[in-house]
Amino acid sequence: MRAQVLICPTITLRAYGHLCHTPRRLYRYGSSSQFLNLNLSCFSRRLLTSFFHMEFQSGAGSSGKKSMVENLKRYGVISSKRVAQVMEDLDRGLFLPAGSSAYVDTPVPIGYNATISAPHMHATCLQLLEDKLQPGMRALDVGSGTGYLTGCFALMVGAEGRVVGVDHIPELVDTSIKNIEKSVAASLLKKGSLSLHVGDGRKGWQEFAPYDAIHVGAAASEIPQPLLDQLKPGGRMVIPLGTYFQELKVIDKNEDGSIKAHTETSVRYVPLTSRDEQLGGF
C-alpha cells in the first residue's frame, strides 16, 4: 500500500521566481496548534512540485526504510552515503507512536506538545553535522524526544564516541530509552557511549562537554550561552532560531573560540521552552 504525502501542506510558491514563502498558518493536529519541524525554503518550482507528489512506501520494516531513504536521495535531500546508511540502519518505525506512518516524510506528534521531525529534517541536520560526527567524537542532542536522531548520532560516532540526549519530559526520555533498546543502537546504550537524560536542554549537559556536534531540536529566540560554552573549538551547532519566522542556523566555533554563523534554510520548529510551558501548550 502506498500513501501520497505533502512534504509541507502550508507552503506557498511565489508567483515568480523559485523560492517559497513561510506558511501563513500553522497546521493543526487535532485541537491544538502545532509547529511543524520542516524545511520551508530553497526548492526550485519543479523540485518542490515533485516533493508535493512524493510517495513513500508505507509498508513496515526494511522495505519502508529503504523507500524512505531512496526517495530522499532521489530528490537531493540526502547526498551523503553515511547519512543514507545510518537512516536505513536505524528503523524510524521503532521511534514513533503505534499506528503512525513511520516512513512518510512528515513530522508526527509524540505527545506532550512535541513532535518527531520529518525525515528530510533529520537528513538535513545529519548532513550538516556529518564532519563532526566522525568515529570517536562527541555529540549532544537537545530535545531528544523519541531518541531517533540521538540514535543516528550514536551510530555515526560509534562505540568510542559519546552521544548525550537531553529532554525535560521524563516520559519521553523513558520511551526513548526503550526505543533505543529495540534498535541497532542498543549495544551503544548498554556500553554507555549513548545516554539519555532528563534535564533542561537549554543548559546542555556539562558532564561530557565539550561536544564536537550539538543539535537543538526546537527553536530558540537566541542561542543559549551554556550550549555555546559546551561547544568544542572546531565544533558545530545546528539550531533553529526565531519565533514565528525561524531560520536553521549553523554555528561554527573557531579554534580561537570565536563564532561564525550562517543560515541554512527557513524552518518551522516547536519552541525551545520550559517544561511547564511546553506541557501547557506554549
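How many nonpolar, polar and charged residues does the lining of the largest cavity have? The tour of this predicted model starts there.

**Stop 1: the largest cavity.** Select G143, S144, G145, D167 and G217, which are the closest to the centre of the largest cavity among the 37 residues that line it. About 410 Å³ of space lies inside this cavity. By class, its lining has 16 nonpolar, 17 polar and 4 charged residues.

Next, colour the elements that give two or more residues to this lining. Two of them are helices, α4 (119–129) and α5 (148–157). The others are the strands β9 (114–116), β10 (138–142) and β11 (162–167). A search of the whole structure finds 3 cavities of 30 Å³ or more.

**Stop 2: the second largest pocket.** This pocket has a volume of about 150 Å³. Select A219, A220, S221, P271 and L272 to reach its centre; of the 14 residues in the lining, these are the closest to that point. Which classes do the lining residues of the second largest pocket divide into? There are 8 nonpolar, 4 polar and 2 charged residues.

**Stop 3: helix α3.** Select residues 81–89 to show helix α3. Its buried residues are V83, A84, V86 and M87.

Methods
Residues numbered from 1 in each chain as written. Predicted model: local features only at pLDDT ≥ 70, side-chain atom pairs only at ≥ 80, totals over all residues. Heavy atoms only, no water. 1 Å grid on protein atoms, 1.4 Å probe; cavity = no way out; pocket = protein on both sides within 12 Å on 5 of 7 lines; lining within 4 Å. Points joined across faces, edges and corners; volume = space filled by probe spheres on them. Nonpolar A, V, L, I, M, F, W, Y, C, P; charged D, E, K, R; others polar. Helix = DSSP H or I, 4+ residues; strand = E, 2+ residues; numbered from the N terminus. Buried < 20%, exposed > 50% of the residue type's maximum accessible area, 1.4 Å probe, protein only.
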